[in-house]
Amino acid sequence: MVTFPDGARVVLGNDGGRPIHRGTVAVRGPCAPSREELMGLGLTEPQARALDFVLAWFGHPFDSVTSEPQSGAEPRWGAWPLSGPTLIAALAHWKQHEPEAFDARLGRLGFDATALALFAEDPRLLAALARAGRERGAQRAQLETLVTHVLRPMLDSCAQAETAVDAPGGLFASARALALLLHSELRFGRRGVTRLVTLARERPEPPVAGEHAGERLAEDLRATGRSRDASEVWRILTTPELADPS
């Protein structure tokens with residue numbers, strides 16, 4: 001347990017000898033930004049619904065902090081979660097827009113966003129980063145970074161491949177199909193997105209081409225023994241939360 005001078009406490013767990021914080025602020029809840037705030041980042045209504053669903057079901061709490069053993073135990077922070085350059089970008093965005101809040105939570109502890117490996121050596125810094133994820137400004141910085149560095153580059157790369165992604169009548173025009181794209185990026189990286197787009201272009205009937213691609217992806221995952229990933233894809237395909245408004 002880490003106790004801060006103002007009495008706030010953060011309880012850390014242990015994962016293979018590494019301190020972690022599993023998080024306490026859900027993406028959907030009274031301490032999180034609203035759907036309207038998501039759309040305030042320049043997202044369309046289907047994009048906002050898709051992002052909200054993927055973060056809520058497959059992401060992490062805003063104040064979660066884990067680490068990457070393969071990269072010197074550098075931290076992974078927040079709902080996506082962010083790591084490396086995207087983590088640095090989110091913290092820099094927060095510091096730029098709310099310098100006093102940043103200093104109160106991190107700056108006064110001597111935090112340096114470019115020295116992420118220090119988190120493995122100082123649980124107090126890890127706890128401070130977890131606590132920072134409870135600040136609304138830090139949450140907005142996470143979302144802004146996610147939109148800027150993940151969602152828009154993903155959509156742009158699809159557009160460069162001559163695939164109409166989220167335009168009306170496009171292969172991934174619906175919130176459900178966009179959620180499939182985001183889930184592929186989260187779980188499998190750019191290779192997964194490329195695979196999903198390739199499947200959609202084989203049966204390009206709008207507006208459900210992306211959903212047909214999701215069904216084929218789920219079957220491929222099941223056939224290769226990745227039943228958990230397949231079940232997540234089917235959750236996206238069948239949830240009423242992503243149904244088109246009547």
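Reader: Is Met39 buried, partly exposed or exposed in this model?
Author: Keep in mind that this is a predicted model, where local features need pLDDT of at least 70, side-chain atom pairs count only at pLDDT 80 or more, and totals for chains, interfaces and linings use all residues. Residues are numbered from 1 along each chain as its sequence is written, and side-chain values use heavy atoms, with hydrogens and water left out. Buried means under 20% relative accessible area, exposed means over 50%, and partly exposed is in between (1.4 Å probe, protein chains only). Met39 has a relative accessible area of 35%, so the label is partly exposed.

Reader: Which residues does Met39 touch, leaving out those up to four places away in sequence?
Author: Met39 sits in helix α1, residues 35-39; helices (H or I, at least four residues) and strands (E, at least two) are DSSP runs, numbered from the N terminus. A contact means heavy atoms within 4.5 Å. With that rule, Met39 touches Thr44, Glu45 and Ala48.

Reader: How far apart are the C-alpha atoms of Met39 and Arg49?
Author: Along the chain, Met39 and Arg49 are 10 residues apart.

Reader: What is the angle between α7 and α8 where they pack?
Author: On the α7 side the contact is made by Leu180, Leu181, Ser184, Glu185 and Phe188, and on the α8 side by Arg190, Arg191, Gly192, Val193, Leu196 and Val197. Axes are lines fitted to C-alpha atoms, for helices over the stretch in contact, and angles run from 0 to 180 degrees between N-to-C directions. The two axes are 6 Å apart, and the angle is about 145 degrees.

Reader: Is the peptide bond from Trp80 to Pro81 cis or trans?
Author: Pro81 lies in the loop between β6 (74-77) and β7 (82-83). In general, most peptide bonds are trans. From Trp80 to Pro81, though, omega is near 5 degrees, and the bond is cis.
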